[in-house]
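Here are my notes on this one, jotted down as numbered points. Have the viewer open while you read.

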Amino acid sequence: MAGGGRADDERRIGVAMDYSASSKRALDWAIANLLRRGDHLVVLHVLHHGGEAAKHALWGKSGSPLIPLSEFRDPTAMQQYGVNCDAEVLDMLDTAARQLELTVVAKLYWGDAREKLCDAVEEQKIDTLVMGSRGLGSIQRILLGSVTNYVLSNASCPVTVVKGK
């Protein structure tokens, strides 16, 4: 595993979050089925390159610094990263952090979600990654590629894909 060599109470669980219904379902699944008291939850969010790219040139390769949940909750603080957080996601994170005594941090990346999620697994020493599946049709998947398929094939840790309804 990517995070090998640490004690069980130091597990680092990653959840890929793009605020879609499927990524929220993945977060909910991770909270209900995977996370244990004292785990570290790393919320991974990849933004596409755009007008803000120059502003974030410093973090272009390595991503943002780790953002603690208290800062992740602050809309003003998150505006500097170009992210509008979702109240439902914040509520799930707050509740899980409190009930399971989790350490929750967010990490933002800019670029291709497929590559950045795989990079994040290595850089953050993620023990297992949970992500949603958008359920692209077979033609869309062939034409556009699938972030999920790429991560399943290339991530250096176990990946759980939470399917939609």
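1. Buried here means under 20% relative accessible area, with exposed over 50% and partly exposed in between (1.4 Å probe, protein chains only). On that count, 45% of the 165 residues in the protein chain are buried.

2. Some ground rules: this is a predicted model, where local features need pLDDT of at least 70, side-chain atom pairs count only at pLDDT 80 or more, and totals for chains, interfaces and linings use all residues. Numbering starts from 1 along each chain as its sequence is written, and side-chain values use heavy atoms, leaving out hydrogens and water.

3. The protein chain has 7 helices and 6 strands, taken as DSSP runs numbered from the N terminus (helices H or I, at least four residues; strands E, at least two). From the N terminus, the order reads β-α-β-β-α-α-α-β-α-β-α-α-β.

4. The 6 strands form an open sheet in the order 3-4-2-1-5-6, with mixed pairing; two strands pair if DSSP finds at least two bridges between them. At the edges sit strand 3 (67-68) and strand 6 (159-162), each pairing on one side only. Strand 1 (residues 12-16) runs parallel to strand 2 (residues 40-47) over 5 bridges, and Gly14 is opposite Val42.

5. Which residues of helix 5 meet helix 7? They are Ala113, Arg114, Glu115, Leu117 and Cys118, against Val147, Tyr150, Val151 and Asn154 in helix 7 (contact means heavy atoms within 4.5 Å).
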